Amino acid sequence: MSTSGTAVATTTVVATAGIRKSFGGVEVLKGVDLEARSGSVLALLGENGAGKSTLVKIIVGDYRPNAGTVIIDDEAHPTLTPIESRAAGISMIAQEFNDAPTLTVAENISLGRIPHRRGIVSWREMNRRARAILESLEADIDVEAEISTLTVGERQFVEIARALSSDARVLILDEPTAALSQHEADVLFDRIRRLRDQGQAIVYITHRLDEVFALSDRVQVLRDGEVALLEATESVDRPQLVAAMVGRHDLGTGRPDSTGGPDGDVALRWTGASSPPNFADVNLHVGAGEVVALFGKLGSGALEIGRSAFGLEPITEGTLEIGGQVADLAGPVDAVNHGIGFLSEDRKVGGAFASRPVGENVAVASWPRLATRGILNADVEQQAFNRWLGRLAIRSSGQASQPMEELSGGNQQKVLVSRWLEREANALVMLEPTRGVDVGARADLYRVLRDLAAQGAAILIVTSDYEEVIAVADRASVVAKGRITAALEGDDINMNSLLTHAGG
Ligand code: ADP
Ligand code: MG
């Protein structure tokens, strides 16, 4: 590489030059250069859909670029394979889980490198190594447990342990803290700093500014598949990074909070609300800028409380306020007119038009605004879809005409979320949002919800999955037998308290 002289302490170990990549005719990387240097942490920052994961998948050989090349130790590899990348000492913790659910923790950590003598696997040695590396991460995980029995956070640690145990020269971490607690993230950061001090080149992908400043030496922002900024971290501030991330195009269309009003406005509030025989005396509120979870087992009444925000359950006593006004909802149409967006627990019944185009699924709730003489045309649907495609990282062909049913469950959920964002809903109520959505896509959807809340949306999720609550909620209320039994915040949102208050 021409950029780094031999006198400086860091050298470029891996680089990309002019990488271009298209999916289904849509170019998602438009000529991207990147340099990972030894003894240095590069933060790769960008909004959902900016192209971060795609770029690093090219560096590990998972994707072949349409143009440009990966350069390892000054040697160009235009046709890099995963095996070549690994052999060159590049290791990645992917955003989606790559683990083998039916194998044990230790087997996963050693995957591909299981210790053996004359062909006989040394289980004891394998377990010992796995235990040592998990201990160094302060992770208290049974190395003989099957992966499928772990929580999402624990699985993330196993992935981290696997990457660390491979003695890589270049470590790429793609949003590794999404499923971790603050303490777990701090432990990981310590490890990353130590690896950096030992000379590893680290690429740390995130969309969180705090992490950029906590960890990185340099920061590179991707926006819409292009490099929008590349600086020494010490020479940039938050506003510069935000501006680089969102650019001009997004600033005027903050749809989630376009009703105005400062952060923290109460979007939904139940006060002493009852609907016999399903729930009684419910007090609950959801503010702009937060994700609130309503957690209860099946039959607890939690779903019915959620449904009451969409006019699907009558409130016979007490009140429901929407945006500070008491609302006596006559039904879903009334609820929509009050600015409520709603995703039911069953996509098929609850509003996903499976055989219809995704664009229509996005635009349908906004047709009074978008239609011409009562008709939505294909261009308008494509424009509506384009407004959300990148922002919510909807994995699809990118064509608004693609039938909804061709998308995965998680991406269908994102399309339904887009429908209500397009409609400029004031509050979003989602029942069992990740039912039927696989683990990787789940984390992705949580990220989208967190991002939307950070931009001012008010989100209520109703769920019977305690991990979901832990993963995504700022606050949680627990429902048992039709009544709120606990209101939890911060560290109190944990498995123990959730399950205890949910009863049984
Ligand atoms: P980021 O990691 O920055 O959130 P990604 O690299 O995952 O972004 O995605 C960039 C764009 O490429 C998005 O619009 C996404 O929908 C699209 N995309 C990513 N992977 C695929 C794929 N395998 N097939 C089709 N489109 C994809
Ligand atoms: Mg990504």
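Modeller: Start with the elements: helices (H or I, at least four residues) and strands (E, at least two) are DSSP runs, numbered from the N terminus. This is a predicted model, in which local features need pLDDT of at least 70 and side-chain atom pairs count only at pLDDT 80 or more, while totals for chains, interfaces and linings use all residues. Residues are numbered from 1 along each chain as its sequence is written, chains are lettered from A and ligands numbered from 1 in the order in which they are written, and side-chain values use heavy atoms, without hydrogens and water.

Biologist: Let me try a loop. Where is Asp 73 placed?

Modeller: Asp 73 sits in the loop between β4 (67-72) and β5 (75-77). As background, most residues other than glycine have a negative phi, and most peptide bonds are trans. Asp 73 has a positive phi, near 45°, although the residue is not glycine.

Biologist: Is Asp 73 buried or exposed, or partly exposed?

Modeller: Buried means under 20% relative accessible area, exposed over 50%, and partly exposed in between, with a 1.4 Å probe and protein chains only. Asp 73 counts as partly exposed because its relative accessibility is 43%. Now take Glu 432, in the loop between β19 (427-431) and α15. The phi of Glu 432 is also positive, near 40°. Glu 432, however, has a relative accessible area of 8%, so it is buried.

Biologist: And the peptide bonds? Which residues does a cis peptide bond join?

Modeller: Pro 276 and Pro 277, with omega at about 0°. Pro 277 belongs to the loop between β13 (266-275) and β14. Strand β14 covers residues 279-287 and contains Phe 279. At 2% relative accessibility, Phe 279 is buried.

Biologist: Next, the metal. Which residues coordinate the magnesium ion?

Modeller: Donors are N, O and S atoms within 2.8 Å of the metal (3.2 Å for Na, K and Ca); water is not among the atoms, so sites may look incomplete. Here the magnesium ion, ligand 2, is coordinated at 2.1 Å by OG of Ser 53 and OE1 of Gln 95. These two are 42 residues apart: Ser 53 is in helix α1 (residues 52-59), and Gln 95 is in the loop between β6 (90-93) and α3 (105-110). Ser 53 is buried at 12% relative accessible area, and Gln 95 is buried at 14%.

Biologist: How many residues of α1 are buried?

Modeller: Eight of its eight residues. Among them are Lys 52, Ser 53 and Lys 57. After α1 comes Gly 61, with a positive phi near 80°.

Biologist: How do I read empty space?

Modeller: Rolling a probe the size of a water molecule over the atoms shows where empty space is left. On a 1 Å grid over the protein atoms alone, a cavity is a set of points where a 1.4 Å probe fits but cannot get out; a pocket is an open set with protein on both sides within 12 Å along at least five of seven lines; lining residues have an atom within 4 Å of a point. Points are joined across faces, edges and corners, and a volume is the space filled by probe spheres set on them. The second largest pocket has a volume of about 930 Å³. It is lined by 37 residues, and those closest to its centre are Val 28, Gly 49, Leu 389, Gly 390 and Ala 393. Elements giving two or more residues to this lining are β2 (26-37), α1, β11 (218-223) and α13 (378-389).

Biologist: Why does the second largest pocket lie between domain 1 and domain 3?

Modeller: Because domain 1 (12-246) and domain 3 (355-425) both give residues to its lining. The domain bounds come from an automatic or database assignment.

Biologist: And what is the volume of the largest cavity?

Modeller: About 70 Å³. Its lining includes Gln 95, Glu 96 and Arg 447. α5 (152-164) and α15 (439-454) are the elements that give two or more residues to that lining.

Biologist: Last, the rings. How many aromatic pairs does the structure hold?

Modeller: Four. Rings of Phe, Tyr and Trp (its six-membered ring) pair if their centres lie within 6.5 Å; planes under 30 degrees apart count as stacked, over 60 as edge-to-face and the rest as tilted. One of the pairs is Phe 189 with Tyr 204, edge-to-face, 5.9 Å centre to centre with 85° between the planes. Phe 189 lies in helix α6 (residues 182-197) and Tyr 204 in strand β10 (residues 201-206), so the pair ties together parts 15 residues apart in sequence. Both Phe 189 and Tyr 204 are buried.
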